Amino acid sequence: YRSTLPRVVIACLLLFMNFPFFREVSKIFDAYVDSIHDHSSAATTLSDDCGSFAKTQKKFTFERSDAQEILDLVGSTDNYTCPEGLVLVKDIIRPSFYNVSIPNNRKIPKVIHVTSKTRCMTDQFANNILNRWGGLDDHSIFLHDDEAVDRLLSRKWKEFPHLQDGMKCLVSGAAKADLWRYVMIWEYGGIYTDIDNGPGPMFYNASANISAIEEDTDALFEQEYGKFPSQYFFAASPHHPVMYYSVQHTMARLFGLESVKD
């Protein structure tokens, strides 16, 4: 799925679908919209059909402060040591990562986020990240290990006030990674991929002017066999409403479980 619709329109479409949870999350999203009202850079008056759901639309972009925050999240590899036979996977940081004004009209940052329990990987996985994804011109790549995942999720999130309560129920590392990927792309935008995925020839080729993610692409998802958006790969601009919904939906499913031990 590729989205170029305005973010508030997408959110309205989501919330007025005939699912009970969409109606519940609209109350939460109201609180979020109110929280950004005071410092919103652009206000948009919507039709009465959206009711009080969306009062403002902020122009969300990847900023210089975001770059530093990502560096702080992933941490340093200076003290990282790997057992014999495993490869230390370091981040790949392009010069464009620090120059947020180029290109200034692109919605989805050329920043790829992957997560793994550790930075120590087999040759096959290391090669996939460093050479296949790393071979994409002008794309930076950040690997978030368990400590980096915890650093992000341990923050206090005004948009997700119940996240800390939910963290107490996340006994599975895989479940925590599922939630993390949505929060990470919600906050900073960019591309998320599992470590066993690789880019195809039509994903990005600067010399041939090929890119699956165009300058005005607001979000991009693979379609699973069940005709739902993929979880193993997706991309979105910062603070995209689909990412907001994904976090809330994950939390709702978590709190709806009778037991997390099964």
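Let's start with helix 5 and helix 7, which are oblique to each other. Their axes come within 10 Å and cross at roughly 60 degrees. Here, axes are lines fitted to C-alpha atoms, for helices over the stretch in contact, and angles run from 0 to 180 degrees between N-to-C directions. Angles under 35 degrees count as roughly parallel, over 145 as roughly antiparallel, 65 to 115 as roughly perpendicular, and the rest as oblique. Helices are DSSP runs of H or I with at least four residues, strands are runs of E with at least two, and both are numbered from the N terminus.

Quick housekeeping before I go on. This is a predicted model, where local features need pLDDT of at least 70 and side-chain atom pairs count only at pLDDT 80 or more, while totals for chains, interfaces and linings use all residues. Residues are numbered from 1 along each chain as its sequence is written, and side-chain values use heavy atoms, with hydrogens and water left out.

Back to our two helices. Helix 5 passes helix 7 in a left-handed crossing. A crossing is left-handed if the near helix is turned anticlockwise from the far one by less than a right angle, and right-handed if clockwise. Which residues meet there? From helix 5 we have Val149, Asp150, Leu152 and Leu153, and from helix 7 Lys176, Leu179, Trp180, Val183, Met184 and Tyr188. Contact, by the way, means heavy atoms within 4.5 Å.

Two names in that list also form a salt bridge: Lys176 and Asp150, at 2.9 Å from N to O. Lys176 sits in helix 7 and Asp150 in helix 5, so this pair ties together parts that are 26 residues apart in sequence. A salt bridge means a side-chain nitrogen of Lys or Arg within 4 Å of a carboxyl oxygen of Asp or Glu. The general idea is that side chains of opposite charge can pair when their charged atoms come close. Asp150 is partly exposed, at 32% relative accessibility. For the cut-offs, buried means under 20% relative accessible area, exposed over 50%, and partly exposed in between, using a 1.4 Å probe and protein chains only.

How many salt bridges does a search of the whole structure find? There are 7. One of them joins Lys117 and Asp146, with the closest N and O atoms 3.3 Å apart. That pair links distant parts of the chain, since Lys117 is in the loop between strand 3 and strand 4 (120-121) and Asp146 is in helix 5 (residues 146-153), 29 residues apart. Lys117 is exposed at 63% relative accessible area, whereas Asp146 is partly exposed at 34%.

Another salt bridge has the side chains of Glu215 and Arg106 meeting at 3.1 Å, N to O. Glu215 is in the loop between strand 8 (210-211) and strand 9 (219-223), and Arg106 is in the loop between strand 2 (87-88) and strand 3 (111-115), so the pair ties together parts that are 109 residues apart in sequence. Is Arg106 buried or exposed? Arg106 counts as buried, at 13% relative accessibility, while Glu215 is partly exposed at 31%. There is also a salt-bridge network linking Asp178, Arg181 and Asp194.

Now look at helix 7 again, this time with helix 8. They pack at an angle of about 155 degrees, with their axes 8 Å apart. That makes helix 7 roughly antiparallel to helix 8. The contact uses Leu179, Tyr182, Val183, Ile185 and Trp186 of helix 7, and Met243, Tyr244, Ser246, Val247, Thr250 and Met251 of helix 8. This crossing is left-handed too.

His113 lies in strand 3 and is buried, with a relative accessible area of 1%. Leaving aside neighbours within four places in sequence, His113 is in contact with residues including Trp180, Met184 and Ile185. Ser140 lies in strand 5 (residues 140-144), and it is buried at 1%. Ser140 and Ile92 are 48 residues apart in sequence, yet 5.3 Å apart in space, C-alpha to C-alpha.

Finally, the whole chain: it has 8 helices and 10 strands, and buried residues make up 44% of its 262 residues. That's me done, thanks!
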